[in-house]
Amino acid sequence: MNQSLSPERVRADIAELLDCDPAEIAPDEDLFDLGLDSVRIMTLVQRWRAAGATTLEFPDLAEQPELGHWTALLTERAA
């Protein structure tokens, strides 16, 4: 696994944009309900592409905006 896209990194990056503690984000919680929007998703897409998820696209995240899904998607892509 690419350590730059570890589950901890994914959670921390999301929490940073939501201005909350990473532990506050449940794996199955809808991130839109927590305040994530399309602009922030694009910020994450760009950040994570630079960290190694070069084929990541906006719909990959927007279609299922849950931490658990994103973590699986990103750590599998980076593996």
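**Close-up views of a predicted model**

**View A. Thr-75 within helix 4.** Thr-75 is found in helix 4, which spans residues 67-78. The structure shown here and in the following views is a predicted model. The relative accessibility of Thr-75 is 13%, and a residue counts as buried when this value is under 20%; Thr-75 is therefore classed as buried. Its side chain reaches the backbone oxygen of Thr-71 at 2.7 Å.

**View B. The packing of helix 1 and helix 2.** Helix 1 comprises residues 7-18 and helix 2 comprises residues 38-50. The two helices pack at an angle of about 145 degrees, and their axes are 11 Å apart. The crossing that they form is right-handed. On the side of helix 1, the residues in contact are Arg-9, Val-10, Asp-13, Ile-14, Glu-16 and Leu-17. They meet Arg-40, Thr-43, Leu-44, Arg-47 and Trp-48 of helix 2. Sorted by class, this contact contains five nonpolar residues, five charged residues and one polar residue.

**View C. The aromatic pair of Trp-48 and Trp-70.** One aromatic pair is found when the whole structure is searched. It is formed by Trp-48 and Trp-70, whose ring centres lie 6.1 Å from each other. The planes of the rings are 80 degrees apart, and the arrangement is edge-to-face. Trp-48 belongs to helix 2 and Trp-70 to helix 4, so the pair ties together parts that are 22 residues apart in sequence. Both Trp-48 and Trp-70 are buried.

Terms used:
Residues numbered from 1 in each chain as written. Predicted model: local features only at pLDDT ≥ 70, side-chain atom pairs only at ≥ 80, totals over all residues. Heavy atoms only, no water. Helix = DSSP H or I, 4+ residues; strand = E, 2+ residues; numbered from the N terminus. Buried < 20%, exposed > 50% of the residue type's maximum accessible area, 1.4 Å probe, protein only. Polar contact = N/O pair within 3.5 Å; in protein donor to acceptor, adjacent residues only side chain to side chain. Axes fitted to C-alpha atoms, helices over the stretch in contact; angles between N-to-C directions. Left-handed = near helix turned anticlockwise from the far one by under 90°. Contact = heavy atoms within 4.5 Å. Nonpolar A, V, L, I, M, F, W, Y, C, P; charged D, E, K, R; others polar. Phe/Tyr/Trp six-rings, centres within 6.5 Å; stacked < 30°, edge-to-face > 60°.
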